[in-house]
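Dear colleague,

Please find below the structure that I am handing over to you. My notes on it follow directly after.

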Amino acid sequence: MDLRNTVAVVTGGNGGLGQRICHALAAAGAHIAVVYARSAVEAEGVASVLRSHGAEAAAFPCDVTQPAQVQHLVDNVIERFGRLDILINDAAYNKAIPFGDLDGLTIAEWSKILDVNLTGPMHCIKAVAPIMQKQERGRIVNIASVAGLGPTGSSIAYAVSKAGLIHLTKCMAVALAPHVLVNCVAPGLIEGTRATANLPRSQIERATSSALLKKPADKDDIADQVVAMCRAETMTGQTVVIDSGRMFH
């Protein structure tokens with residue numbers, strides 16, 4: 001798909017990885033809806049930088065766990081840009097809870113992690129799907145994690161949420177074919193994000209040292225893969241791992 005003059009909605013677009021995705025899509029010619037949950041100043045800053053580089057961009061508030069807010073977001077994007085072609089589900093939440101600490105894995109934490117990381121993307125996909133199907137063109141990319149491919153990551157709830165997101169990718173690829181392509185990127189540890197900031201330093205060092213390349217996953221590599229998935233014409237239901245050589249999928 002030619003990305004020039006398309007409109008991309010990027011949830012978590014003000015985060016460390018989300019910003020790179022916004023810039024990569026804008027460089028490919030897309031207009032950007034930078035979606036944030038709380039950090040309005042950061043999101044407005046991202047949109048301002050994108051505009052200074054010649055892209056059309058605006059910041060939009062949305063709690064992806066709330067269907068009414070998601071629908072309001074989609075309506076506002078259509079009103080602002082006139083169309084919607086791409087959805088990037090990058091908004092996420094984590095909290096470091098050791099796998100053996102089942103008492104620490106409270107139902108409240110379980111529910112919050114699953115709501116943001118799995119149910120939120122489902123709300124967003126359901127909201128954009130009718131628009132993309134009507135225009136017979138659309139791309140959806142979910143940002144999961146290698147934690148969704150094996151029992152690893154910051155907590156059991158996080159691993160389960162990302163495993164669910166990977167399978168949701170496959171199911172939505174079936175549901176939305178042939179005009180809407182749905183794919184997924186599963187990064188390993190990424191430095192310079194809010195999610196990584198929530199992890200113990202020992203876990204960060206262990207993840208880096210166990211990778212074949214001895215370094216974290218690169219945010220620009222991930223952003224470039226997102227752009228490639230948006231451009232692709234015959235790829236759907238797939239998950240690509242970018243983790244410096246820790247998980248072989």
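Where is the place of N5? N5 belongs to the segment before β1 (7-11); helices (H or I, at least four residues) and strands (E, at least two) are DSSP runs, numbered from the N terminus. Please note that this is a predicted model, in which local features need pLDDT of at least 70 and side-chain atom pairs count only at pLDDT 80 or more, while totals for chains, interfaces and linings use all residues. Residues are numbered from 1 along each chain as its sequence is written, and side-chain values use heavy atoms, with hydrogens and water left out.

The overall picture

The protein contains eight helices and seven strands. Its radius of gyration is 17 Å, close to the 18 Å that the globule rule gives for 249 residues, so the protein is as compact as a globular protein of that length. This radius is taken over C-alpha atoms, and the globule rule is 2.2 Å times the number of residues to the power 0.38. Along the principal axes, the C-alpha atoms fill a box of roughly 50 × 40 × 35 Å.

Of the 249 residues, 52% count as buried; buried means under 20% relative accessible area, exposed over 50%, and partly exposed in between (1.4 Å probe, protein chains only). Among contacts (heavy atoms within 4.5 Å) between residues at least 6 apart in sequence, 74% join residues at least 24 apart.

There are 22 positive and 22 negative side chains, and the centres of the two sets lie 2 Å apart. Here Lys and Arg count as positive and Asp and Glu as negative, whereas His and the chain ends are not counted. The place of a charge is taken as NZ of Lys, CZ of Arg, CG of Asp or CD of Glu.

Backbone details

N5 has a phi near 70°, a positive value in a residue other than glycine. This residue counts as exposed because its relative accessibility is 53%. S244 also has a positive phi, near 60°, and is found in the segment after β7 (239-242). With a relative accessible area of 12%, S244 is buried.

A cis peptide bond, with omega at about 5°, joins A177 and P178. P178 is situated in the loop between α5 and β6 (180-187).

Side chains and their surroundings

How many aromatic pairs does a search of the whole structure find? The search finds one. F60 and F81 form this pair, which is tilted, with 6.3 Å centre to centre and 50° between the planes. F60 lies in strand β3 (residues 57-61) and F81 in helix α3 (residues 67-81), so the pair ties together parts that are 21 residues apart in sequence. Both F60 and F81 are buried. For reference, rings of Phe, Tyr and Trp (its six-membered ring) pair if their centres lie within 6.5 Å; planes under 30 degrees apart count as stacked, over 60 as edge-to-face and the rest as tilted.

S155 is located in the loop between β5 (138-143) and α5 (156-176). Why does S155 count as buried? Its relative accessibility is 0%. Not counting residues up to four places away in sequence, S155 touches K95, I97, F99 and I113.

Finally, D224 is part of helix α8 (residues 219-231) and is partly exposed, with a relative accessible area of 49%. The C-alpha atoms of D224 and H23 are separated by 10.0 Å, although these residues are 201 residues apart along the chain.

Yours sincerely
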